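Here are my notes for a first look at this model. Please keep the sequence and the 3D view side by side as you go through the points.

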Amino acid sequence: MQNLRQNLFANKTPLLIIFLVIATVILVALAMAPNRPSLPTPNLGAQKEIIADSSLSLSELYQIDEDEEASEAAVVSYQSDVQIMTGKNKVTGVQLEIKYDPALITTVDVLPGDFFQNPTELLKKIDTEEGIISYALGTENKGLSGKGVVATITFVPRTGVRGETAFEFLSKTTVVAENADQTVLKEMSGLEFSLGSSTPTSSSAQPASL
Amino acid sequence: MPSFYYSWRSSNTVMNLFKKLLLLSLLFSLGAYIIPAIAHAAGHEIAGTVFIDSNSNGTRETGEDLKNNVKIEKWRNPAQGNNVKDDLGNNNYETMDTGTKGLTNGRYRFYNLPSGNKYKIKANVPTGFTCTTGNSCQRTGINLNGNKTYSFGIKQNTDGDGDGDGQCKDDKRVKPTVKAQPVGAVQLTGDLNGDYYEKVFTFKVSNKNPKNAKCGKRDYQLQAVPAVASWGSNPPSFEFRSPMVDGKVLDVKPGNPAEQLKLFVKVFKTTPAGTYNFSVRAQDTEDSESTRMSDNLQFRFVVPQGDNNDTCTDNSGCSAPSPICKLDTGACVECLEDTDCAEDGKVCNTNNICVDEDDGGGSADKIKVRLGLDGIGTTGSLQEPSCKFTTNPPEDKERTLTLKISSSTTEPLTLNDTAQYEDYTRASTDACPPATKMDKGKFIAEFDLPAGFASKSYNVDVSSNDSPNLHQTKENFAINTSGTILDVDLPAGDIDKNSDPELRIDINDWNILRTCQKKSGSPASCAVGTTTYKTDLDDDGKTDADDMTLFIQEFFYRNR
């Protein structure tokens with residue numbers, strides 16, 4: 001008996017095997033337990049907070065007629081680029097909500113710019129009665145930093161109209177980025193322009209901080 | 001000592017040499033950085049690339065190469081001829097070839113351009129190529145108030161025999177096929193909600209050209225054609241939507257059909273009742289040979305008489321079970337007054353439906369809620385109830401429902417109860433999508449109403465603990481003594497549970513979903529920022545492409 005006890009303490013391998021078996025069973029049970037998360041739960045300290053550092057602005061208008069001679073008589077389209085400067089953010093997508101005056105401009109369209117390579121168009125809706133462009137696009141690839149054109153708005157002024165008008169970003173406009181669960185949009189500035197002269201003249205509106 | 005001295009001297013010489021080299025390299029680096037910066041700081045630039053746009057969609061994508069040696073021209077009006085100065089004393093006309101002047105990879109760049117308007121830029125499309133970015137690869141009226149980027153796409157003319165003349169002289173093309181998914185004609189019925197309702201017909205297009213066929217592009221023009229010459233006044237309308245562009249499906253490779261293509265048919269309030277037959281067909285966009293147009297894929301739908309799709313002016317425009325014309329709305333209804341209800345003991349309620357007399361003034365003790373959650377069980381998605389989402393049993397088979405019942409004359413009542421999921425296994429013979437009014441594949445709860453609860457019409461709001469902000473309100477909903485079933489479908493996609501109604505399903509939710517989908521193991525939930533979110537919208541235990549597809553459909557639908 002004394003020999004057996006001595007052997008048991010002298011050779012700890014069986015104890016170690018038993019301990020490992022128990023630990024394995026516990027770990028397997030934990031792994032198999034159903035995972036039923038529901039509400040968003042705070043995960044404090046897991047990742048540092050992302051600072052909103054991106055801005056959106058609209059470029060001045062430029063004419064996109066194909067043939068200048070023909071455009072004298074034909075319909076003339078204008079274009080404004082939605083430009084982004086991401087600052088330190090790695091941007092993955094943009095949702096634009098832009099208001100315009102449907103009484104003054106028509107044939108409004110929005111197209112992806114070249115900031116995102118091969119973007120996914122998530123939403124495209126142009127409410128021609130209310131005058132609201134809703135457009136969302138994003139990338140399946142890594143988030144991008146820098147500046148560029150995320151989208152381009154084209155339109156045609158209504159015949160015979162005159163007056164000051166604008167493209168105005170609405171508050172629903174959002175910029176999303178890697179590791180951020182809220183918008184990283186810091187400021188946005190729309191575009192004011194006047195219609196009625198031979199060529200619309202434009203000026204950037206004051207940036208609106210968020 | 002001498003030895004140490006020698007060593008020190010030697011080390012000092014090496015140090016000095018190293019310092020000189022360091023200084024030189026610093027100066028060189030600074031020079032390389034500053035000199036071009038100074039040279040280009042005076043003005044703006046127009047730059048970009050020329051790329052091979054293999055799928056003709058106007059956008060450069062992975063695998064699409066850049067093209068060197070394409071001549072790019074730059075003008076500025078007023079054009080007074082080439083090689084003259086403009087009114088600012090600058091050359092108004094310049095050219096360069098892509099990938100030259102120190103640039104690589106199909107790039108071009110014009111530096112030091114003064115601000116101003118009426119700039120023009122043009123890529124000269126090489127022989128045998130076609131411009132895919134519109135305007136003959138020319139941009140005019142450029143207002144240069146900063147640096148501008150214009151990229152041009154070109155595609156090699158694929159006339160097969162390689163001479164780029166647009167005519168193939170070795171033609172082995174065969175006609176494409178258009179088939180329905182699922183196979184068979186589709187019966188279209190529906191209730192009007194607004195001025196029109198819309199149904200989707202899904203089909204696929206296959207490129208049947210042999211792989212050794214030299215001719216034949218991969219782009220097909222689609223047509224939807226009524227079976228008769230005219231469908232009369234206010235006919236249904238057709239629309240091929242994305243991914244189709246201008247009714248074309250692009251880049252269909254042999255052996256790799258374009259699937260899940262969708263034709264949207266819009267039926268208007270004023271569309272006459274009747275049976276409508278039409279067909280869908282496809283043809284190579286650059287093949288005018290009629291024998292190589294696909295066979296017609298037949299579809300059929302029915303706009304029923306008196307199903308509220310038709311406006312009525314008198315009772316002759318309505319039929320059972322809604323034989324009465326309600327003149328103020330032009331809708332066919334069951335009754336306007338009690339005498340319109342043929343059966344004994346029935347009365348006409350406020351919804352113009354015949355109900356048991358008790359339901360008009362008695363009390364109700366229960367209400368059953370049949371909750372469909374988009375993407376789970378027998379509930380499809382908001383935009384497209386399809387079988388893609390109809391077979392997924394949820395991981396969590398319970399939901400907590402909240403019912404808020406109110407009317408203009410009663411105090412608001414809030415009830416909570418647990419809804420249990422009814423299992424559903426889809427048999428191959430089941431309809432697709434399954435019938436909507438059944439318990440299977442839905443969450444069922446039966447709420448006890450307080451004693452003496454008056455039987456009448458209420459506004460009833462239903463929400464689930466999954467997405468409390470995505471609730472639904474049924475207005476003027478009749479709660480009867482004889483047992484009432486309330487059918488509600490709730491959307492999915494409010495991952496961050498933003499309480500702002502404008503942001504319930506938005507790009508923030510997409511970004512969180514995208515993040516979790518990319519995590520290894522496709523977890524059902526993951527941490528983004530400082531919060532953990534559940535992103536498994538169809539509740540199958542993982543965040544995958546199905547969740548992304550479901551989200552995009554919900555996002556699109558909620559915002560359209």
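**Notes on the predicted model**

1. Ground rules first. This is a predicted model, in which local features need pLDDT of at least 70 and side-chain atom pairs count only at pLDDT 80 or more, while totals for chains, interfaces and linings use all residues. Residues are numbered from 1 along each chain as its sequence is written, and chains are lettered from A and ligands numbered from 1 in the order in which they are written.

2. How confident is the model? It scores ipTM 0.74 and pTM 0.50. For each residue, pLDDT gives the predictor's confidence from 0 to 100. Chain A averages 80, with 73% of its residues scoring at least 70; chain B averages 75, with 72% of its residues at 70 or above.

3. Some parts of chain A call for caution. Helices (H or I, at least four residues) and strands (E, at least two) are DSSP runs, numbered from the N terminus. Confidence in chain A is lowest in helix H3 (residues 68-71), at a mean of 44, and highest in strand S5 (residues 91-99), at 96. Over residues 66-73 of chain A the pLDDT is below 50, and this stretch has six contacts beyond near neighbours in sequence. A contact here means two residues whose C-beta atoms, placed from the backbone, lie within 7 Å.

4. Where pLDDT is low, the predicted coordinates should not be read in detail.

5. Now the overall make-up of chain B. Its secondary structure comes to three helices and 30 strands. Buried residues make up 33% of its 560 residues. A residue is buried if 20 or more other C-beta atoms lie within 10 Å of its own, exposed if 12 or fewer, and partly exposed in between, with C-beta atoms placed from the backbone. Among contacts in chain B between residues at least 6 apart in sequence, 63% join residues at least 24 apart.

6. Do look at the open sheet of seven strands in chain B, in the order S27-S26-S23-S24-S25-S22-S28, with mixed pairing. Its edge strands are S27 (472-479) and S28 (484-490), each pairing on one side only. The twist averages 30 degrees from one strand to the next, with axes taken as lines fitted to C-alpha atoms (for helices over the stretch in contact) and angles running from 0 to 180 degrees between N-to-C directions.

7. Within that sheet, which pairs can be traced? Two strands pair if DSSP finds at least two bridges between them. Nine bridges join the antiparallel strands S23 (residues 398-407) and S24 (residues 410-421) of chain B, and a hairpin of two residues connects S23(B) to S24(B). B:Thr400 has B:Thr418 in S24(B) as its bridge partner. S23(B) also pairs antiparallel with S26(B) (residues 456-464) over six bridges, where B:Leu403 stands opposite B:Val462. S24(B) and S25(B) (residues 443-448) are antiparallel as well, over two bridges, with B:Gln420 partnered by B:Ile444.

8. Is helix H2(B) buried or exposed? Ten of its twelve residues are buried, so H2(B) is largely enclosed by the rest of the structure; among these are B:Trp510, B:Ile512 and B:Leu513. At 1.5 Å a residue, H2(B) (residues 507-518) should span 16 Å, and its end C-alpha atoms are 16 Å apart, which agrees. The expected span is 1.5 Å times one less than the number of residues in the helix.
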